[in-house]
Amino acid sequence: MTDRPELRILCFGASITAGHYCFGLKHHPYAIRLKHRLEESLPSYNIIVDVDGLSGDRVLGGQYLPRLAPHVDAAAGKNYDWLIFQGGGNDLGWGLKPNSIFDELKKLWQLGLAGGAKVMALTVTETANESIQMRERYNELNELIKDYRDENFAVADVCQRVPYTAMDPELRKAVWDDGLHFKPSGYDLIGDTIADRLLEIIQQSSA
């Protein structure tokens, strides 16, 4: 009997990737829903989904680079097919400029690509901060992310799927936890968004 081929995925980022909710006392990573969806749609594959989410981490001046490097070291046998990457939200919260954050994001994406993985970048999810300046900075960074093009690179617009201000107030209560993080149902929506995009790409490549 032939072993099923593996589809290996690393979900990498900060607290959203970790699935932080209930003040960090509980975690429900979007990877749970992502893996379930992929197993349903790709039964011939052995789906492996790993998670590395460090709450509070920043792209600039944080631990993103030293955390990511060992994961994408092909010489060490790290052979992920896909790197699902989110970063920049905590940097925006610290007042760092979208262009500077984006420049560092590109370096990290390139590290993943150089390690042989395809990269799916996630847009940065909003917060309850309703200041015009903060909204503009979030929008600027997300537009930079969505406009980026490279071989083996894709974007999943999770911000559009789970907005804060544009979401119906009743739905917001069910999806959002504390104005920054999500409840399990919100993380499941993020997982669905990523799964939809990933399956679209896989189906296109096999057509």
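Asp196 is partly exposed, with a relative accessible area of 35%; buried means under 20% relative accessible area, exposed over 50%, and partly exposed in between (1.4 Å probe, protein chains only). The model is predicted, so local features need pLDDT of at least 70 and side-chain atom pairs count only at pLDDT 80 or more, while totals for chains, interfaces and linings use all residues. Residues are numbered from 1 along each chain as its sequence is written, and side-chain values use heavy atoms, with hydrogens and water left out.

**Salt bridges**

- The structure holds 13 salt bridges, each defined as a side-chain nitrogen of Lys or Arg within 4 Å of a carboxyl oxygen of Asp or Glu.
- Helices (H or I, at least four residues) and strands (E, at least two) are DSSP runs, numbered from the N terminus.
- Arg37 is buried, at 15% relative accessible area, whereas Asp196 is partly exposed.
- Within helix α9, Glu200 and Arg197 lie 3 residues apart, about one turn of the helix, and form a salt bridge whose closest N and O atoms are 3.1 Å apart.
- Glu200 is partly exposed at 35% relative accessibility, and Arg197 is also partly exposed, at 27%.
- Through salt bridges that share partners, Arg33, Arg37, Arg161, Asp192 and Asp196 are joined into one network.
- Glu170 and Lys173 meet in a salt bridge of 3.5 Å, N to O.
- These two residues, Glu170 and Lys173, are 3 residues apart in helix α8 (residues 169-175), which means that about one helical turn separates them.
- Glu170 is exposed at 54% relative accessibility, and Lys173 is exposed at 54%.

**A buried arginine without a salt bridge**

- Side chains of opposite charge can pair when their charged atoms come close.
- Arg137, in helix α6 (residues 132-147), is buried yet has no salt bridge.
- The nearest side chain of opposite charge to Arg137 is that of Glu140, 6.8 Å away; Lys and Arg count as positive and Asp and Glu as negative, with His and the chain ends not counted.
- Apart from neighbours within four places in sequence, Arg137 is in contact with Asp91, Leu92, Gly95, Leu96 and Pro98, where contact means heavy atoms within 4.5 Å.

**Helix α2**

- Helix α2 has 12 residues and spans 17 Å from its first C-alpha to its last, close to the 16 Å expected at 1.5 Å a residue; the expected span is 1.5 Å times one less than the number of residues.
- Its buried residues are Tyr30, Ala31, Leu34, Arg37 and Leu38.
- Seen down the axis of α2, these buried residues fall within an arc of 130 degrees, so they line one face of the helix; the arc is that of the directions from the helix axis to the C-beta atoms.
- The buried residues of α2 pack against β1 (6-13), α1 (15-18), β4 (46-53), β5 (82-85), β6 (118-122) and α9.

**Cysteines**

- A search of the whole structure finds 0 disulfides, a disulfide being a pair of cysteine sulfur atoms within 2.5 Å.
- Cys11 is in no disulfide, and the nearest cysteine sulfur, that of Cys159, is 18 Å away.
- Cys11 is buried, with a relative accessible area of 1%, whereas Cys22 is partly exposed, at 28%.
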